Amino acid sequence: MALDRKDLAILAELTTNARASHTELANKVGLSSTALARRQKALEDEGYIQAYQAALDLAQFGLTTTVLVRIALESQSDDALKAFEAEVVKCPSVVRCFLMSGTDDYILIVLARDIQDFERIHRTELSRLPRVARVQSSFALRDIVNRAVPTVVFGEAKR
């Protein structure tokens with residue numbers, strides 16, 4: 001499926017308000033509600049839209065500390081990578097995990113209540129991960145940009 005300007009406009013609008021009704025979206029992108037619904041369904045069926053979710057204010061839940069954790073494994077063997085990945089998905093405080101190139105094998109994004117809570121997470125979750133040789137943590141001071149989707153994806157449709 002090749003995306004046109006209308007499809008990109010629909011996607012751009014949904015990234016800012018996934019709860020918008022078909023009527024609201026149709027008005028914003030210049031389609032009828034029926035045509036909008038058909039296009040949105042096609043975008044879902046083709047996998048361009050994978051899910052709809054609420055963006056929560058995690059500070060309301062006490063999660064005010066974001067920690068970037070760099071991990072180096074003792075080996076980059078397939079067994080070491082698989083063992084680490086199988087266990088890191090079980091860590092409830094880890095919200096993102098990236099396999100990296102360069103000096104660190106993984107970068108994790110961890111959410112904690114405060115530094116003391118991160119100490120608990122380090123002790124009970126991170127230090128128990130298999131095949132870890134080194135863990136380095138950095139604390140985010142504040143959020144500057146937090147986009148679910150880079151605006152470049154939408155090209156001219158958002159302008």
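Asp45 sits in helix α3 of this predicted model. Helices are DSSP runs of H or I with at least four residues, strands are runs of E with at least two, and both are numbered from the N terminus. Asp45 counts as exposed because its relative accessibility is 54%. Here exposed means over 50% relative accessible area, buried means under 20%, and partly exposed lies in between (1.4 Å probe, protein chains only). Asp45 and Asp4 are 41 residues apart in sequence. Their C-alpha atoms lie 16 Å apart in space.

The model is predicted, so local features need pLDDT of at least 70 and side-chain atom pairs count only at pLDDT 80 or more, while totals for chains, interfaces and linings use all residues. Residues are numbered from 1 along each chain as its sequence is written, and side-chain values use heavy atoms, with hydrogens and water left out.

Five helices and four strands make up the secondary structure elements of the protein. Their order from the N terminus is α-α-α-β-α-β-β-α-β. The protein is more spread out than a compact globule, because its radius of gyration is 20 Å, well over the 15 Å that the globule rule gives for 159 residues. The radius is taken over C-alpha atoms, and the rule is 2.2 Å times the number of residues to the power 0.38. Along the principal axes, the C-alpha trace spans about 55 × 35 × 25 Å.

Of the 159 residues, 30% are buried. The accessible surface comes to about 10600 Å². Carbon and sulfur atoms hold 51% of that surface. Areas come from the Shrake-Rupley method with a 1.4 Å probe; for residues, only the protein chains shown count as cover. Among contacts with a separation of 6 or more, 66% join residues 24 or more positions apart. A contact means heavy atoms within 4.5 Å.

The protein carries 21 positive and 21 negative side chains. The centres of the two sets lie 4 Å apart. Lys and Arg count as positive, Asp and Glu as negative; His and the chain ends are not counted. Each charge is placed at NZ of Lys, CZ of Arg, CG of Asp or CD of Glu.

The unreviewed UniProt entry annotates residues 3-64 as "domain: HTH asnC-type". Such annotations may be inferred rather than shown by experiment; feature names are shortened, and positions follow the numbering used here. The span 3-64 is 53% helix and 0% strand. Its end C-alpha atoms lie 38 Å apart.

Thr16 belongs to helix α1 (residues 5-16). Thr16 is exposed, with a relative accessible area of 58%. The C-alpha atoms of Thr16 and Arg147 are separated by 9.8 Å, although the two residues are 131 apart along the chain.

Phe61 falls in the loop between α3 (33-45) and β1 (65-73). Neighbours within four places in sequence aside, Phe61 is in contact with Leu56 and Arg113. Phe61 and Arg113 are 52 residues apart along the chain, with 8.6 Å between their C-alpha atoms.

Arg131 lies in the loop between α5 (115-124) and β4 (132-139). Arg131 is not a glycine, yet its phi is positive, at about 65 degrees. With 31% relative accessibility, Arg131 counts as partly exposed.
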